[in-house]
Amino acid sequence: MRIGVVTFPGSLDDGDAARAARIAGAEAVRLWHGDPDLHGVDAVVLPGGFSYGDYLRCGAIARFAPVMESIIDAARGGLPVLGICNGFQVLCEAHLLPGALTRNQHLHFRNRDQWLKVESTNTAWTNGFTAGQEILIPVKNGEGCFVADTKTLDALEAEGRVIARYIKGNPNGSQRDIAGITNEAGNVVGIMPHPEHAVEALTGPSLDGLGFFTSVLRSLAKDGQLAGGQQ
Amino acid sequence: MARVVVDVMLKPEILDPQGQAVANALPRLGVTDVSSVRIGRRIEIDFTGEPDLDRAREIADKLLANPVIEDFEIRVEGVAAEVA
């Protein structure tokens, strides 16, 4: 199975995301922001970093990259897409996910290992976890404060679309401690902390992040969605 | 100059920690009669021909502002603002 990882100008964690995909057992395919061809991938990761220098708003300019036009179309057709940190910001700017990520309430950049509680396990990227499972993965952001209007927040909760919440301390002031959400179909997931940094004992605080990547492989195997039928 | 000015502000209900940080610094300047500071962004768009408000509105709506968290106003420079 082929997991595409997009590189925008200013992406930082594309290498780690590709590595995590490989450790999970997938073939990692590097995608370039200026190339609309998705090269037949079965899923896509939008990595962390500072795409286009975070100019204007985080993710606002990346959303108009040629590769994103293809990803937005494919995501609406069911392609599994995971946005991590800056990738989450891009997904919100592209209106594939509701809400927005704003400046951390305390204005400080936060970089630490963070406990999360997994909630919704009905998504392409979280089906390998158990609901209520506590996981430890790194968080590192300056603009990770998730905001949405009350109606949207209530709908996310009612529809089981919160995939993970911060526990043992909220690092950025996100409303209702939301760390990650999914779209209605469950194929698009955005998460602020970095699962790709928690896949090896040598460098990560745990191996908990691997679950996101093994989940999508399991979901693809189950659906028989192979060989890039999404494009 | 065919200039259109776009002012982008966080919606009133969205917390503005930058503005708060500035407001909290004001007493150090001896300023004690300010109750709130909010920070936005001013964008100047120069058209090659006549200033085109409709075009500017489209640019603001699609790119310059995020309607989830921000409002914007546009105006031709020197003319009263139009609220979006």
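What share of the contacts in chain B with a separation of 6 or more comes from residues 24 or more positions apart? The share is 62%, where a contact means that the C-beta atoms of two residues, placed from the backbone, lie within 7 Å.

1. Basis. This is a predicted model, in which local features need pLDDT of at least 70 and side-chain atom pairs count only at pLDDT 80 or more, while totals for chains, interfaces and linings use all residues. Residues are numbered from 1 along each chain as its sequence is written, and chains are lettered from A and ligands numbered from 1 in the order in which they are written.

2. Confidence. For chain A the mean pLDDT (the predictor's confidence in each residue, from 0 to 100) is 95, and 97% of the residues reach 70 or more. Residues 227-231 of chain A have pLDDT below 50, yet this stretch has 12 contacts in the model beyond near neighbours in sequence. Where pLDDT is low, predicted coordinates should not be read in detail.

3. Chain B. Two helices and four strands make up its secondary structure, in the sequence order β-α-β-α-β-β; helices (H or I, at least four residues) and strands (E, at least two) are DSSP runs, numbered from the N terminus. Chain B is more spread out than a compact globule, because its radius of gyration is 16 Å, well over the 12 Å that the globule rule gives for 84 residues. That radius is taken over C-alpha atoms, and the rule is 2.2 Å times the number of residues to the power 0.38. The C-alpha trace of chain B spans about 45 × 30 × 15 Å along its principal axes.

4. Burial in chain B. Of its 84 residues, 17% count as buried, that is, with 20 or more other C-beta atoms within 10 Å of their own, C-beta atoms being placed from the backbone.

5. Helix 1 of chain A. In this helix (residues 14-24), the buried residues include A:Asp14, A:Asp16 and A:Ala17. Their cover includes strand 1 (2-7), strand 2 (27-32) and helix 5 of chain A. Just after helix 1, A:Gly25 takes a positive phi of about 110°.

6. A:Pro195. This residue sits in the loop between strand 11 (188-191) and helix 5 (210-223) of chain A. A:Pro195 is buried, with 29 other C-beta atoms within 10 Å. Not counting residues up to four places away in sequence, A:Pro195 touches A:Ile84, A:Ile137, A:Gly209 and A:Phe212.

7. Interface. Chain A puts 10 residues in contact with nine residues of chain B.

Key. Buried ≥ 20, exposed ≤ 12 C-beta atoms within 10 Å, placed from the backbone.
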